[in-house]
Amino acid sequence: MDKKKALIVDDSSLARMMVRKFFSDGFEDWDLIEAKDAMDALEKIEGQFLHLALIDFNMPGMNGIDLAEKILEKQPGIAIHLVTANIQERMQLRAQAIGIGFIKKPISREKIIAAMQEQTK
Amino acid sequence: MSREREGMFRLSELEEDALKEFFNMGLGMAANSLSQMVNNEVLLTLPKLKVVPYEEATRMLVANQDEKLVAVRQNFKGELTGTALLIFPGSESLELVRTLLNEEIPLEVLTELEQETLLDVGNVILNAFLKSFTQMMHVEFEFESAEFLKGSSRFLLDITSHLAAQNHSLMEYADADADERAFVLMMDFKTSDENNTNHTLSGFVVLLFSQQAMLILRRELEVILSNL
């Protein structure tokens, strides 16, 4: 069976390493694509079908909301979650307004599992 | 400064990235608290992080600011012991107070309320900022009450004054030179509210760690990174 594909976009190496650790330890049926910013992500997902995307908000260049909108244009319906330290209510509402989820940093295994479960709904 | 001492300030790229991410979370929590106080969204900018010895930290602040500064000082004690300072240029602090009180207030009244309001703000921001350390690190510490300070950057970073405020550690540091203390300096704390983009608040968060606290910080970073 083909593996599912997840995308993590974060300019922090630590944040990417944490997500990589969770995926390599227990989520073997998933492939993880890692990107350090929006441009890197758009390049790496070209021609790929994603099942889940975890996107930081504050990144150099394009922010996470704008990137999420671009990905949704290409793949409507994909489960996207903004993973951010910016936990203000308005940020959560902004994510909600474009139909994506919101995960408060720090990321954890439980939060990723919840996002995956939402993806399968 | 000895080579060994210099090494304490030199973080690897990954350690620096990790520390920056912790600060980012702290900044997020701080901005969230601030946004609730101003009842508006506070926009974050990516923090610039520098880990530098005392002398360099002072030089950086002096180079950036000629005018009088205001600061809120918050000492913390425990496994991590040190001083956190939230510093604003004097003119911007009044602007922040005006935003917080959300009405047209005469300057003289504003000045009277400055100290009280900034203490509240500083307390909220610095507590949120420091608590971010406890999210991923196994360190415990307690906060002391916040104090309001006003003066030049050199005055605000005066190590003697901070150590005197941390009375229990005075003896511990009595023989140490100023350059023997580790400093983590984060600059460019910028906020602006959504409806009035001209209102931008620039400030600094300066964390002054004891050498021992710096060693604990590095140890915790190593533990976290080795588990990834």
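## Basis of the model

Residues are numbered from 1 along each chain as its sequence is written, while chains are lettered from A and ligands numbered from 1 in the order in which they are written. In this predicted model, local features need pLDDT of at least 70 and side-chain atom pairs count only at pLDDT 80 or more, whereas totals for chains, interfaces and linings use all residues.

## Overall architecture of chain A

Chain A contains five helices and five strands (DSSP runs numbered from the N terminus, with H or I of at least four residues for helices and E of at least two for strands). Along the sequence their pattern is β-α-β-α-β-α-β-α-β-α. The radius of gyration of chain A is 13 Å, close to the 14 Å that the globule rule gives for 121 residues, so chain A is as compact as a globular protein of that length. This radius is taken over C-alpha atoms, and the globule rule is 2.2 Å times the number of residues to the power 0.38.

The C-alpha trace of chain A spans about 40 × 30 × 30 Å along its principal axes. Of its 121 residues, 40% count as buried (20 or more other C-beta atoms within 10 Å of the residue's own; exposed means 12 or fewer, and partly exposed lies in between, with C-beta atoms placed from the backbone). Among contacts in chain A between residues at least 6 apart in sequence, 59% join residues at least 24 apart; a contact requires C-beta atoms, placed from the backbone, to lie within 7 Å.

## Helix α2 of chain A

Helix α2(A) covers residues 38–45, and Ala38(A), Ala41(A) and Ile45(A) within this helix are buried. These residues cover an arc of only 60 degrees around the axis, which puts them on the same side of α2(A); the arc is that of the directions from the helix axis to the C-beta atoms. The buried residues of α2(A) pack against β1 (4–9), β2 (30–35) and α3 (64–74) of chain A. After α2(A) comes Gly47(A), with a positive phi near 80 degrees.

## Contact between the chains

In the contact between the chains, 20 residues of chain B meet 17 residues of chain A. On the chain B side, α2 and α5 (107–136) each supply at least two residues, and α2(B) gives the largest share, 13 residues. This side divides into 11 nonpolar, five polar and four charged residues (Ala, Val, Leu, Ile, Met, Phe, Trp, Tyr, Cys and Pro count as nonpolar, Asp, Glu, Lys and Arg as charged, and the others, Gly among them, as polar).

The axes of α1(A) (residues 13–24) and α2(B) (residues 13–38) come within 7 Å and cross at roughly 90 degrees. The two helices are therefore roughly perpendicular to each other, a term that covers angles of 65 to 115 degrees. Ser13(A), Leu14(A) and Ala15(A) in α1(A) meet Leu14(B), Asp17(B), Ala18(B) and Glu21(B) in α2(B). The residues of this helix contact comprise four nonpolar, one polar and two charged.

## Two partly exposed leucines

Leu72(A), in helix α3 of chain A, is partly exposed, with 16 other C-beta atoms within 10 Å. Not counting residues up to four places away in sequence, Leu72(A) touches Ile78(A) and Ile80(A).

Leu101(B) lies in helix α4 (residues 90–101) of chain B and is partly exposed, with 14 other C-beta atoms within 10 Å. Leaving aside neighbours within four places in sequence, Leu101(B) is in contact with Leu113(B) and Thr117(B).

Note on methods:
Axes fitted to C-alpha atoms, helices over the stretch in contact; angles between N-to-C directions. Parallel < 35°, antiparallel > 145°, perpendicular 65-115°, else oblique.
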